[in-house]
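Subject: Structure handover

Hi,

Here is the structure you were expecting. My notes on it follow below.

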Amino acid sequence: MQQEAAQREAEELRRVRWQPRAVRGWGFPRLLWYLVFLQPVITEVHLRRKNVKFLFIRFSAWQYAGTDKLWAGLVTTLCEGIRHHYGALPFSVYSVLGNKPAATPGFRQREWHCRRRVCLALLALLAALGLGVGLLYLSVGARAPGHGAAGGSLLRVFGGAATTLSGSGLLMAVYSVGKHLFVSQRKKIERLVSREKFGSQLGFMCEVKKEVELLTDFLCFLEIYQRRRLRVVLEVTGLDTCYPERVVGVLNAINTLLSDSHAPFIFILVVDPSILAACLESAGSMKGTADNGYLFLNRTVTLPFSVPIMGRRTKLQFLHDAVQSRDDLLYREMTRRLRPGCRGRGGEDAQLLAVETQAGAQGAQSRIDAEAARRIQEALFCLHDERDCLYEYVPDNVVSMRRIVNTVPITVRLLQQQDGDFAGPTPRQAVAWVVLANQWPCRLSWALQCLEDRQQAGGAPEARARLWDVFCDNSRELHAMTKALQNVLDLDGDPELFERFLGADFPFTVAEAQSLLRCTVNLDHSIRRRMGLIRAVSALKPPSAPGSPAHAAPHAANGAGHAPGALGAGQGAGHAPGHAGEAHRPRDRAHGGKPRPGTELAPEDQ
């Protein structure tokens, strides 16, 4: 937008050869003169101008999320941003003495008219003030010997009256300007919001509308004065982190500000459309208006722009920048360990021995830290190495990139403490495991939970078995729990990429997964606990309805005859055969079809 504005400015300068007027420096007194004594006129020359200047104002909805009137925070931020850009004095003078730009029919090039009323009123006040001062001076001279006392009193009365009236008029104008100078529009709107009774009335929106119209007229005045178009760009961020009612309030405020076709405002909403649509659909005040949030957004947003998928070079550059931001922490830790410590001056043998022992310990620790720093650098390099395929699994989100980069050093350090000789997983495997836990937490947790259940049931797979095979053996059972784990499944990325990740590019074994699991810090373990609870509950047989003794035996025989079919329907035949719940169900069926709730099998029974 800035480049477009500069290009238009250069083209307009070549066309008309008129330099834009400055509002700062030596142009500031000239701006005040125009504000007081001249009235702008919207001419065809002004409407044909193509040069534009953008004023950028940032509004973070999260900062006002706790207030009841979030949209009022939007309006106050807008007013405060314009006031800060052009200064408080010009806007205060315009609020008191300014006049709305007038439109003239026909082709006229004169953009300014003298405000005769203001000039005449000011001349009258100055003339009255001068007359009053003169009369007071004459009244003082009338007190001299030889002059009449009645004439001096009369001059003093008329002089005092003229001076008081003219001086009070000038002081009132100065007081009004000073009041607007110290009491900004933001404070006015905040004061109106604080009044609970007034905030619920219709006059509240009317007062806010007046303030916005005054701001719009001031910007129109500046457009004619600067000989360029002005557009205020308000960047709205953090709206998808607020309550639904707050979101509706901000969108209504935006629609109110944009209701005027000549309003010089441009709003950029930096939001997640899915979250915003859900907020609109769940808001109670939008029932019947925004039952479909996406349709409401289509009626509001005039230029939708979705950020395209990040390309290979761009992703590698972002990963490289994220890794470089960690270098200061790595080298700071490394140099701190390598820095020689202060030596004492004692001459005893014990102190020398203690110093040598401490120096040896520091040297060993320094070598360990240096090796850890090298492995961290190697792991981070795998992220942005274009010859490696790992970067393809990193999401396009910059926040996720930084989360992965920040997790890798911690994981490598924990692996170092677990395997002191670095005989465990390689740095590439460590960073790949971090990416796996970040991108597919639900599927990874499911595979780990199934592996844990097999170990508890005594049927653990071999250490060389692939983790992908464990997931495939229990994938149907996960599909049956889709409804119960819907919120957790939404955290996962592309399922096809998950298959390629574990099946081909990074085939982690059971032993490697168990070793890396103890050092995993970016995987929520509550997901596994929830999955284990759901598996345990689904393995239980619901109690049969009580019946008469005559029907008890046929019912038991019928239940025993259909036991294999029920097991296949509830758990998925051929999946997780080593699970404890599935192991003891046939034995419970053999005892008259009555399950044993609340009991666990001993190892020998399993």
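Start at Tyr86. Setting aside neighbours within four places in sequence, Tyr86 is in contact with Val23, Arg24, Leu55, Phe218, Leu219, Leu222, Gln226 and Leu230. Please keep in mind that this is a predicted model.

Tyr86 also matters for the core listing. The largest nonpolar core has 61 residues, and Leu74, Tyr86, Leu239 and Phe265 touch the most other members.

Three strands make an open sheet in the order 2-5-6, and their pairing is parallel. Strand 2 (52–60) and strand 6 (265–270) are the edges, each pairing on one side only. On average, neighbouring strands here are turned by 20° against each other, direction ignored.

Strand 5 covers residues 229–237 and pairs with strand 6 in the parallel sense, over six bridges. Take Val233: its bridge partner in strand 6 is Ile266.

Helix 4 (residues 70–86) packs on this sheet. Helix 4 touches strand 2, strand 5 and strand 6, and its direction makes about 135° with that of strand 2.

**Helix 4 and helix 11**

Helix 4 has a helical partner too. Its axis and that of helix 11 (residues 244–257) come within 7 Å.

From helix 4, the contact is made by Leu70, Trp71, Leu74 and Leu78. Helix 11 supplies Arg246, Gly249, Val250, Ala253, Ile254 and Leu257. Leu74 is also one of the residues named above for touching the most other members of the largest core.

**A backbone point to check**

Arg227 is not a glycine, yet it has a positive phi of about 60°. Arg227 is found in the loop between helix 10 (202–226) and strand 5.

**Mixed sheet**

There is another open sheet of three strands, in the order 3-1-4, and its pairing is mixed. Its edges are strand 3 (102–103) and strand 4, each pairing on one side only. Strand 1 (residues 38–42) pairs with strand 3 in the parallel sense, over two bridges. Ile42 stands opposite Ala103 of strand 3. Helix 2 (residues 27–37) lies across strand 1 and strand 4, and runs at about 85° to strand 1.

**Cys114**

Cys114 is in strand 4 (residues 112–114). Is Cys114 buried, partly exposed or exposed? Its relative accessible area is 44%. Buried needs under 20% and exposed needs over 50%, so Cys114 counts as partly exposed.

Cys114 and Leu38 are 76 residues apart along the chain, but their C-alpha atoms are separated by 4.8 Å. Not counting residues up to four places away in sequence, Cys114 touches Phe37, Leu38 and Cys119.

**Record annotation**

An unreviewed UniProt entry places the feature "transmembrane region" at residues 118–138 and 158–178. In the model, residues 118–138 are 100% helix and 0% strand. The end C-alpha atoms of that span lie 30 Å apart.

Best wishes

Methods: Residues are numbered from 1 along each chain as its sequence is written. This is a predicted model: local features need pLDDT of at least 70, side-chain atom pairs count only at pLDDT 80 or more; totals for chains, interfaces and linings use all residues. Side-chain values use heavy atoms; hydrogens and water are left out. UniProt positions are given in the numbering used here, feature names are shortened, and annotations may be inferred rather than shown by experiment. Helices (H or I, at least four residues) and strands (E, at least two) are DSSP runs, numbered from the N terminus. Two strands pair if DSSP finds at least two bridges between them. Axes are lines fitted to C-alpha atoms, for helices over the stretch in contact, and angles run from 0 to 180 degrees between N-to-C directions. Contact means heavy atoms within 4.5 Å. A nonpolar core is a set of buried Ala, Val, Leu, Ile, Met, Phe, Trp, Tyr and Cys residues joined through side-chain atoms within 4.5 Å. Buried means under 20% relative accessible area, exposed over 50%, partly exposed in between (1.4 Å probe, protein chains only).
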